[in-house]
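Hello,

I am handing over a structure for you to look at. My notes on its charged side chains follow.

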Amino acid sequence: MNSAPNSTYISGSASRWLIAGLAAIVMLIVLFYIEEDVRGKIAWNKFKRAAEANGEKFNLADVIPPPVPDEENFAMTPLLSAALDYEPSSGGVHRRDANAYQHLSNIRINLGRASGNARAPEMGGENTLVDLKAAADFYRGNASYPQSASSADAGEVVLTALNKFAPDLEELREASAHRPYSRFPIDYGHEPSFAILLPHLAELKGIGLVCDLRVVAELETHRTADAFADLQLGFRMADSVHGEPILIDHLVRLALLNAALQGVREGLARQAWTDANLVDFEKYLASIDLLVDYKQTMRGERNLNLAGIDFLRRHSSKSGSFMSASDKSTDHALTLMPSGWYYRNMVLIADCYQIYLLPSVNESNRTVSPKLGDVMLRELGKRPTGPYNIFAKMLIPAYNKASQRSARTQTLVDEARIACALERYRMEHNDFPDALTALVPQFIPKIPNDLFDGQPLRYQKNPDGTYILYSIGWNQRDDGGITVRTSGSTPHMDPNNGDWVWTCPAK
């Protein structure tokens, strides 16, 4: 008779205990989030204060280059301004002048297809000369370019094809003469920062390659003055992104410089450059300091990384724009991350820059340390993947070789300076010197040092009257001027092994 009331009492008591238990769990979760948020923010603020006391700046505004007047801005010449003349739309971007942008995008050395199996032109490099005959085969019969006479030699065929862009290049030369600065109107305020659009880079690279291939064709057809003018414009295209605080901009500049240096090599191989040309090249190349540029770029990239992580902290529901579209489970997990975990990632990311990525280059002594990047990857790899390092493990490994690529191009720049001085010496003495000291100070103020041991770059005069210049390279070992090539169907210079060599191939 009394069992029902007792059962009701027990049931009610269990419900109260269940509610109390759930409330306790909720409270523990709330306390967990509060503690993680507070601890993470304290860790970030502590790190930031210590780094700022040593001169570091972490705001995005600190790395954005200042604007320049449009009339003095090379980037705002009508041809180039179309690259970033757009407005956001639901489908991506809306080009305000689609025809102008299409015209700019079509300034390329590889439009259309030639008949047969002809491949698109390549700019040579790694101590080889451009295969003009192969380039001419690509342009012959290619409806995307003007055609020369069937009897024309390779240089004329290439030059006739690329004269399609002569008016555009003339506009850029005129702009270069009257617009000393270059600032592309990049939307640095776009959020998230890792989705900032940079469509101008592909267009600049396209124009630069047109200039550089024209240089080779003009040298081949004995138009040295025209080749010098086009090479100057090629260097200007590389300089047009100088100062942009994003790593991909810096890497495109390196690519443009490498392609332009091929033009210097081609003229040296043909003994085509005048003494005045060589003086101008050496003066320009001496002004390039890619180690300083590396440090500025990496600080900019760091601040963009931090701004992007902070955006995700504030808008965790939008984390899918950062993660792989196929990794939905991770996207959902990120929406539950406490703010403190984002701060912890920011600390680790900034710490990797401070301890490894920035110190790997000493711009004052002009030295580079190859080992720091590998140490960074090992230390990062020792950490089990977790909420405190998930973003750091995704982002940081991509930056490990940035110092190598900067050092490689700076070495080529330095070697090209010496090569110009050697050619001037040869023109005066009808032979190359036995040692580089003979070049100083008449032909070059000082022999650039090897970035890996601080010694002057190595030089060997060969018995046949040729020479090689080299750096001991990334392995920090003098291999006697030997270049190591990778294996595979398309072998190329192995930047990790052997020496970094400059030779001037005989034509």
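Is Arg 173 buried, exposed or partly exposed? Arg 173 is partly exposed, at 23% relative accessibility. The cut-offs: buried is under 20% relative accessible area, exposed is over 50%, and partly exposed lies in between (1.4 Å probe, protein chains only).

First, the ground rules. The model is predicted, so local features need pLDDT of at least 70 and side-chain atom pairs count only at pLDDT 80 or more, while totals for chains, interfaces and linings use all residues. Residues are numbered from 1 along each chain as its sequence is written, and side-chain values use heavy atoms, with hydrogens and water left out.

Now the salt bridges. The term means a side-chain nitrogen of Lys or Arg within 4 Å of a carboxyl oxygen of Asp or Glu. The count comes to 34.

Arg 173 pairs with Asp 230 in one of them, at 2.7 Å from N to O. This pair links distant parts of the chain, 57 residues apart. Asp 230 sits in helix α8 (residues 224-239) and Arg 173 in helix α6 (residues 166-178). Helices here are DSSP runs (H or I, at least four residues), numbered from the N terminus. Asp 230 is buried, at 1% relative accessibility.

Next, Arg 270 and Glu 266. Their closest N and O atoms are 2.6 Å apart. Arg 270 is buried at 18%, and Glu 266 is buried at 0%. There is also a network: shared partners join Glu 170, Arg 173, Arg 214, Glu 218 and Asp 230 through salt bridges.

Last, Arg 119 bridges to Glu 122, with 3.1 Å between the closest N and O atoms. Arg 119 is exposed, at 61%.

Best wishes

Note on methods. Helix = DSSP H or I, 4+ residues; strand = E, 2+ residues; numbered from the N terminus.
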